[in-house]
Every structure is written in C-alpha cells, then in structure tokens.
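User: I would like to go through the strands of this model with you. Could we take it piece by piece?
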Amino acid sequence: MRPRRRTPAVLPAILLAAAAAACGGAGETPGEPELQVTEAWARAAAVAPDAPSNGAVYFTAANHGGQADRLVAARYAGADRTMIHETFVDERGVAGMRHLDAVEVPAGAEVRFEPGGRHLMLMGLAASLAPGDTIEVTLEFERSGELRVRVPVRPL
Amino acid sequence: MTDSIAGPRETPPSARRGRPRPALLWASTALLVALAAAGGLVVGRAGAGDAGALHGSLIEPPMPVPEFTLASGDGPVSSADLRGTVTVLFFGYTFCPDICPFTLQRLRQARELLGPAGDGVRVVFVSVDPERDTPERATAYARGFDPSFTGLSGSPQAIADVASSFGIFFARAAPQEDTDGGNAAGGDRAGGDDDFYLVDHSATILALDRDGRLRLIWGGPATAEEMAADLRFLLSD
C-alpha cells in the first residue's frame, strides 16, 4: 500500500512552498500588487461619431514580483474582439500587424505597449471612442489573474 | 534554348507559389529605395549644406510620376491638383488602429512645427482599402487628424495603379487567429473575415515637390521633428 503514496502528494506541496517563497521576496511592500499596469490610454477611434474605426490601447505593465508573468488575453466589452497585437515593419518597409498569443513580463521588468509596437487592438467597435471617454479593459495575466484597467481616451 | 546559359539552377518551391503581382510591386519598391539611396549618396558627396542633413532619402533628380485621379468626399482630386505645394503622401486605411493614426499624428505635428510655413505643405492620405474606405470615409478620417488633410480613395484598380506607381505594396492580411478564444464576444469567424480583415502596406511616406515630382522618401519611422526639418528643406528647395 505504502508505495502508492510516494511523492505525488508531497511534490506539489514543495512546489507551492517554493512559489510562496519566491513571491514573498525581500523588499516587497505588503499589499502592493506584483503586477501593475500604468499609463494606460486609448486613441480616439472614429471616422465620424457614427462611424467607428478600430481602436488601440497602450499601457505599461510592470512586474514587481520575483517571477515572470504573461499577458495572455485582453477583453473590452465594446469590441467584437480584443487582440494582443504588434505592429511590425519588414525589410521591404511593409507594415503589418501580428497577433501575439502572449506577452511575457519578466520578473522585475516592465513591458511597454506603445504606438508603432505592441498594442491591444479593439476590433469591431460597437461605438466610437471619443476623447474624454474612459473605457474599462480587462487584462488577463497567467499568474496575476485578471486586472481591470480604466483607460482614458486621448484625442487623435 | 538560351535557357542553357543559366546552367542548372534550382528554384525553391517557395519561390514558385508567390503571387506575381506583389512581386512586381516589391520590385518597384526596391527600385524606389535604390533610387532614394542613390539620391542620398549623390547629395552626401556633393556636401550640399541642408540636404546633407536630411533624415529621409532625397530623390535626385526629382522623379516624375504618372498622372492619376482619385476621389475625395468632395469630388475628384488629380495629381495636377497637388502641384503648387509640397505634398506628403501616406498610404494606409481607416481601420488601421496603430501605425496609420500614429503616422498621421506625426505628420500633423510636423506641419505644426513649421509654423505658418506649414500651410505650404499638403498632407494626402490615400486608402489602400478601397472596398471599405469610401471617398467620404477616407476624407472624414484624414480631416479627423487635421482639417487641412486630404483623404482619397477610388476604385480598386485606380488605387492599385497609384500605389504601384509610387512603389507602395499593399495586400489584405491573412485572417488573424485568436487562439485563446476568450476575446470574441459572439464574433462569428466562420466563412472568412469580410468585416474584420487587416491590410499590410508599405509604411513609406513620400514627399512630392511643387511640380508633383517625387522628391523625398521616409522609409523608416521618422519623428515629427525629423520630417519637419526635411520639409523645411523641401519648402526652400
């Protein structure tokens, strides 16, 4: 009977303990979220008030924890689809956008989403994004879970 | 057959399945870039004051381009209408969320940096998505950045011809796979993606002189300050 217990029950416990130790690294302020999203903004997206375009959201994600995290999805209720995108320009000078499955935010690092690079693409907006509006976007991180971010809309 | 002089040559399979049209357009882009590079070198060697400090690539001598007529929300606009001012041409599409608005914002800033002289620069946005961008939509989009901006569209053939003559490549991008599936709020992805496609396109910004000839190309992501400096040179050219 005894052999059936073996390590399986013990190993996860050790891993959990290790993870907890990694999270509670020295210098960490209690209560501070490990993953912080700042400088979030969306560009106004409208051709006319009744003719929305596609939208883009930019922000900085800072990981103050001791372990890498990954942005794995994003949602905005007012868009048909919200995708993690990266603008690229190839060797011919042709610009396009590629879909990213995830973006890693290494421990102790920050990752910027900014014009001409990584952004959230709001595809198929139900309504225009007008300057002065604030929208709510949900960012889903692999370790930190869901983060709801208030995103002000900046003028074109 | 004269083929034999080429000797045994293997064509990789990937080269065979290419679409001929984009290949032609790339070739013309390459030609423009080569011309631009050559232009830049000539100017550099000549050591001509201001021109030597240009951020874009000067086309020397200025290159005439074929006449064209496209459509704005206010009616037709032809290449002849673009003479008399320095014209900055940018090809994009109104559903482009990142690089197109980013570029048009920088062009507005560049024009503003020139002060009153900026009135001598006309910014023209040309849609490479004529299926969705009506002339009215293209014009409204461009004016959203700056009321002075011109926005043009046209028939798919007319757009393809103009893009080709300026060495601009564009093609509808393959549908994006949203693999995590969590983002689509009831989006029906079946049967293609007619409403939500993206367009890959040359990010190149072109400047025409007052005679409508191609004079300068910004191939890379020039800042507003860099473009303003180059435009100052073109205005005094």
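User: Where is the place of P61(B) in chain B?
Analyst: This is a predicted model. In it, P61(B) belongs to strand β1 of chain B, which covers residues 57–63.

User: What is the peptide bond from E60(B) to P61(B), cis or trans?
Analyst: That bond is cis, and its omega is near 0°.

User: How many bridges join β1(B) to β10(B), and do they run parallel or antiparallel?
Analyst: The two strands run antiparallel and are joined by three bridges. Within β10(B), L216(B) is the residue opposite L58(B).

User: Is strand β10 of chain B mostly covered or uncovered?
Analyst: Strand β10, residues 214–218 of chain B, is mostly covered, as five of its five residues are buried.

User: And which residue in β10(B) stands opposite I205(B)?
Analyst: I205(B) faces W218(B) across the pairing. Strand β9 of chain B, residues 205–208, pairs with β10(B) in the antiparallel sense over four bridges. These two strands form a hairpin with five residues between them. In the turn, G212(B) has a positive phi of about 75°.

User: Changing topic to chain A: what is phi of E39(A)?
Analyst: Phi of E39(A) is near 55°, a positive value in a residue other than glycine. E39(A) lies in strand β1 of chain A, residues 35–43.

User: Why does E39(A) count as partly exposed?
Analyst: E39(A) counts as partly exposed because it has 13 C-beta neighbours inside 10 Å. A residue is called buried at 20 or more such neighbours and exposed at 12 or fewer.

Conventions: Residues numbered from 1 in each chain as written. Chains lettered and ligands numbered in written order. Predicted model: local features only at pLDDT ≥ 70, side-chain atom pairs only at ≥ 80, totals over all residues. Pairing = 2+ DSSP bridges.
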